[in-house]
Amino acid sequence: MSPIASYALRLGDDALILGQRLGEWTGHAPSLELDLALANFALDLIGQANFLLNFAGEAQGQGQDGDWLAFHRDVFDFTNCLMVEQPNGDFARTMARQMLFSTFQNAFYEALSGLTASPLAPLAQKAKKETAYHARFAQEWVIRLGDGTAESAARMQAGLEWHWRFIDELFEMDGLEQEVCAAGQGVDRAALRPAFDARIQEVLAQSKLSAPSAHRPVLGGRRGRHSEHLGHLLAQMQFLPRAYPGAVW
């Protein structure tokens with residue numbers, strides 16, 4: 001697979017897996033308004049995944065479209081970051097993850113949208129608007145819960161503690177990332193870190209929460225080394241296409 005195709009696959013896997021996770025809230029969110037909001041976030045992310053996985057499949061040139069890449073790869077072939085595959089937990093933990101990931105994702109797509117040499121720039125133009133709303137929504141809920149009751153603050157603090165160890169992977173620049181970035185087709189993730197840290201600190205200050213203590217970075221998702229949670233997610237997501245190969249709606 002070409003570097004830009006592998007790059008698109010990573011981005012597509014991030015969006016697909018988080019979209020699937022958020023879809024699990026449908027019918028189970030704390031209120032109807034939140035149920036609809038999270039379902040729409042899931043649809044935004046799956047729409048991004050559809051573009052990215054189809055792009056990767058076409059660039060690979062082996063007759064594999066986005067549906068094949070989503071439903072017929074095994075767990076070790078997925079290249080999503082570890083944060084997006086984590087279980088939803090309670091609503092606070094989900095908002096902690098959404099705040100961290102969407103704040104990063106929005107900055108990433110803002111940067112990618114300005115790269116005229118990148119074939120992914122058109123997607124980024126649309127995705128940066130979607131992710132801006134995702135980030136703002138999640139940030140507001142982190143503030144609301146953190147500055148709420150003792151229980152809501154404790155739950156939000158616990159959600160941040162769960163996801164904090166996965167932040168460093170969002171900014172990892174391995175050989176593939178460096179190659180695509182050098183070609184003017186990808187984003188220097190590491191360069192986004194200072195602004196990300198500053199924005200997260202602003203949200204935490206408003207929410208009266210504390211940044212968790214530094215953790216040893218947990219890496220490996222980009223290289224197919226995943227937590228046990230991804231296998232369970234894929235078992236549900238991929239069941240129908242694998243049980244009935246070639247079936248169409």
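Which residues line the largest cavity? The views below take that up. This is a predicted model, where local features need pLDDT of at least 70, side-chain atom pairs count only at pLDDT 80 or more, and totals for chains, interfaces and linings use all residues. Residues are numbered from 1 along each chain as its sequence is written, and side-chain values use heavy atoms, with hydrogens and water left out.

View 1. Searching the whole structure turns up one cavity of 30 Å³ or more, and about 60 Å³ of space lies in the largest cavity. A cavity here is a set of points on a 1 Å grid, over the protein atoms alone, where a 1.4 Å probe fits but cannot get out; its volume is the space filled by probe spheres set on the points, which are joined across faces, edges and corners. Leu11, Asp14, Phe101, Phe104, Gln105, Phe108, Tyr109 and Arg189 form the lining (an atom within 4 Å of a point).

**View 2. Who supplies the lining.** Two or more lining residues come from each of α1 (3-23) and α5 (91-113), helices being DSSP runs of H or I with at least four residues, numbered from the N terminus. The most come from α5, with five residues.

**View 3. α5 against α10.** The axes of α5 and helix α10 (residues 193-207) come within 10 Å and cross at roughly 145°; axes are lines fitted to C-alpha atoms over the stretch in contact, with angles from 0 to 180 degrees between N-to-C directions. On the α5 side, Met99, Leu100, Thr103 and Phe104 make the contact, meeting Phe196, Arg199, Ile200 and Val203 of α10 (heavy atoms within 4.5 Å).

Conventions
On a 1 Å grid over the protein atoms alone, a cavity is a set of points where a 1.4 Å probe fits but cannot get out, and a pocket is an open set with protein on both sides within 12 Å along at least five of seven lines; lining residues have an atom within 4 Å of a point.
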